[in-house]
Amino acid sequence: PNWTERAPLRGMPLLALWLLWLTGRLVLAWPWPTPLAAAVLDGAYLVALASYLWRELALAGTWGQAPIAVLISLYAVANGLFHSLALSGASTATAERLVLAVLLLLIAVIGGRLVPNFTRELLAQRPAAPVPASFARFDLAALALLASASLSWIVWPGSPIAGGLFVAAGLVHLLRLGRWYGWLAWQEPLVLILHLGYGWLALAMLALGGALLGVGLTQASALHVLTTGAVGAMTLAVMTRASLGHTGRARRAGAVTVAIYLLVNVGAWLRVLVPSPESPTSLTHLWLGLSAVAWSGAYLLFALVYGPYLLRPSLDE
């Protein structure tokens, strides 16, 4: 591609980026190369993605989107730090917290744009419906509070200050979610799932804050509120909507799509509420198995149903 001109990421460049991502997954799952080679191949994808984002921002001059590129760059740094620590035999805990903090902020930033925008688009069809709040100083303060909590957690992982900040951030982000009137979107699951995904994010902050303060869930279970809940649900929410829109299909959730949403949420709840995680019993393993089947089943169902949509030409081409 001509790197001095903007162009859609499609065709061979997109395939090359996907293959780079796939290579990183394979070399970690099937460790035939040396650890150093596996680390380099795994880290190359995020570096390439961050470079592409910065290039697009520079060519388009859309510096208002720079926070996304900053977070992806931090993700790449955290991944590199993880591999460096692992190769040296040191603890990777700091790098893991940095990665999880980036995930928190990514969902808060991107979700804070997508959720109200798509809800506003839906509610515009109803003359008497309220208008979801636009991005304002309240949203900026909510993001700043989450960033402060995340930074405190990275630097002082056992600090009650970090716990208190996360609890405060969770409450503020629940208020932020309420400003978008998600309950009015119950008739359209394609929009409702975005609110549920953001709700998981706010719950993750509360659960992690409580764990750091010694209240409620363990820290491991609290992190599953983020990973299986917020990340799992929000990823499928965006993938289903984008897949329908970019293949020329109506952006409406059918029965199969609703089943996908139910499976990922049920799988997440089962994983978070698994009984006796620290002293496993046969019930624990059964519970974990059901969680894995439900959560992974949501992604398998997406691949089976949406895969053919994405492999064929768009209906509007």
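Q: Is Arg25 buried, partly exposed or exposed?

A: Buried means under 20% relative accessible area, exposed means over 50%, and partly exposed lies in between (1.4 Å probe, protein chains only). With 31% relative accessibility, Arg25 counts as partly exposed. Before we go on, note that this is a predicted model, where local features need pLDDT of at least 70, side-chain atom pairs count only at pLDDT 80 or more, and totals for chains, interfaces and linings use all residues. Residues are numbered from 1 along each chain as its sequence is written, and side-chain values use heavy atoms, leaving out hydrogens and water.

Q: Which residue forms a salt bridge with Arg25?

A: A salt bridge is a side-chain nitrogen of Lys or Arg within 4 Å of a carboxyl oxygen of Asp or Glu. Here the partner of Arg25 is Asp42, and their closest N and O atoms are 2.2 Å apart. Asp42 lies in helix 2 (residues 35–60) and Arg25 in helix 1, so the pair ties together parts 17 residues apart in sequence. Helices are DSSP runs (H or I, at least four residues), numbered from the N terminus. Asp42 itself is buried, at a relative accessible area of 6%.

Q: How many salt bridges does a search of the whole structure find?

A: The search finds seven. Among them, Arg179 and Asp139 meet through their side chains at 3.7 Å, N to O. Arg179 sits in the loop between helix 6 and helix 7 while Asp139 is in helix 5, so this pair ties together parts 40 residues apart in sequence. Arg179 is partly exposed at 28%, whereas Asp139 is buried at 2% relative accessibility.

Q: What does the side chain of Glu188 meet in a salt bridge?

A: Glu188 meets the side chain of Arg252, at 3.0 Å from N to O. Glu188 is in the loop between helix 6 and helix 7, and Arg252 is in the loop between helix 8 and helix 9 (255–272), so they tie together parts 64 residues apart in sequence. Glu188 is buried, with a relative accessible area of 4%, but Arg252 counts as exposed at 54%.

Q: Which residues touch the most other members of the largest nonpolar core?

A: In soluble globular proteins, nonpolar side chains tend to be buried together. A nonpolar core is a set of buried Ala, Val, Leu, Ile, Met, Phe, Trp, Tyr and Cys residues joined through side-chain atoms within 4.5 Å. In the largest one, which has 63 residues, Phe166 and Leu201 touch the most other members. Helix 4 (residues 93–123) supplies the largest share of this core, 14 residues.

Q: Where does Tyr181 lie, and what is its phi?

A: Tyr181 lies in the loop between helix 6 (160–178) and helix 7 (189–212). Its phi is near 55°, a positive value in a residue other than glycine. At 25% relative accessibility, Tyr181 counts as partly exposed.

Methods. Helices (H or I, at least four residues) and strands (E, at least two) are DSSP runs, numbered from the N terminus.
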